Amino acid sequence: MGNIVMFTIIAAVIVISALLCVTTTRIMRAATYMLFVLLGVAGIYFLLDYTYLGAAQIAVYAGGVTMIFVFAIQLVSKRSLQGLEERVKASKMITGGLAALAGLVVVSLILFKTGYLTIAPTNTEVPMKEIGMALVGAGKYQYVLPFEFISLFLLACIIGGLAIARKEDKA
């Protein structure tokens, strides 16, 4: 019973923070709400006794949100940080909502057509050792090498973004 109550509280925090993240116009508030979402996901991992995944969630993604704070301060203009930019028009919000609804309908149709939702759940659990080996292993169907390549690529993108943003005009 306690797990259900905790899951409900964590899920409510995740949903509310996610909605606030996508509806706010201030970038620092959006990054803060995203931090709450990521910490909530880590809370669900801890609730499921996946302490390794919970710790990795906090270390990797919460650290990533800290980097978003730093780059938001450096790359975004002072007017948008203070919330002085113009607001999103209602027509754009309606268009975005309709696009999201269309995506939801397409995904739902695919799930029903493939029978994915009608498959009876099994009570087999994957041992934590197998999950850990898949995440940090270097063999076939393991993720440490793709993760390292992606991290190097993102580092190059960050450095390139900073170089472009900080370029001074020679006029």
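The structure is a predicted model. Of the 171 residues in the protein chain, 15% are buried.

The protein chain contains seven helices and zero strands. Read from the N terminus, its elements follow the order α-α-α-α-α-α-α. Counting contacts in the protein chain between residues at least 6 apart in sequence, 53% link residues at least 24 apart.

### The largest pocket

The volume of the largest pocket is about 810 Å³. Its lining is made up of 27 residues, and those closest to the pocket centre are V60, Y61, F147, S151 and L154. Two or more lining residues come from each of the elements α2 (27–47), α3 (51–75), α6 (128–136) and α7 (144–165). Which element gives the largest share of the lining? That element is α3, with 11 residues.

The lining of the largest pocket divides by residue class as follows.

| Residue class | Lining residues |
|---|---|
| Nonpolar | 23 residues |
| Polar | three residues |

### Q57 in helix α3

Helix α3, which supplies 11 residues to the pocket lining, also holds Q57. Is Q57 buried or exposed? The relative accessible area of Q57 is 7%, and the cut-off for buried is under 20%, so Q57 counts as buried. With neighbours within four places in sequence left aside, the residues in contact with Q57 are L38, V41, A42, Y45 and A62. Of these contacts, L38, V41, A42 and Y45 have numbers that fall in the range of α2 (27–47), while A62 falls in the range of α3 (51–75).

### D49 between α2 and α3

The loop between α2 and α3 contains D49. The relative accessible area of D49 is 62%, and exposed means over 50%, so D49 counts as exposed.

Taken together, D49 is exposed at 62% relative accessible area, whereas Q57 is buried at 7%. D49 sits in the loop between α2 and α3, and Q57 lies within helix α3.

Terms used
Residues are numbered from 1 along each chain as its sequence is written. This is a predicted model: local features need pLDDT of at least 70, side-chain atom pairs count only at pLDDT 80 or more; totals for chains, interfaces and linings use all residues. Side-chain values use heavy atoms; hydrogens and water are left out. Helices (H or I, at least four residues) and strands (E, at least two) are DSSP runs, numbered from the N terminus. Buried means under 20% relative accessible area, exposed over 50%, partly exposed in between (1.4 Å probe, protein chains only). Contact means heavy atoms within 4.5 Å. On a 1 Å grid over the protein atoms alone, a cavity is a set of points where a 1.4 Å probe fits but cannot get out, and a pocket is an open set with protein on both sides within 12 Å along at least five of seven lines; lining residues have an atom within 4 Å of a point. Grid points are joined across faces, edges and corners, and a volume is the space filled by probe spheres set on the points. Ala, Val, Leu, Ile, Met, Phe, Trp, Tyr, Cys and Pro count as nonpolar, Asp, Glu, Lys and Arg as charged, and the others, Gly among them, as polar.
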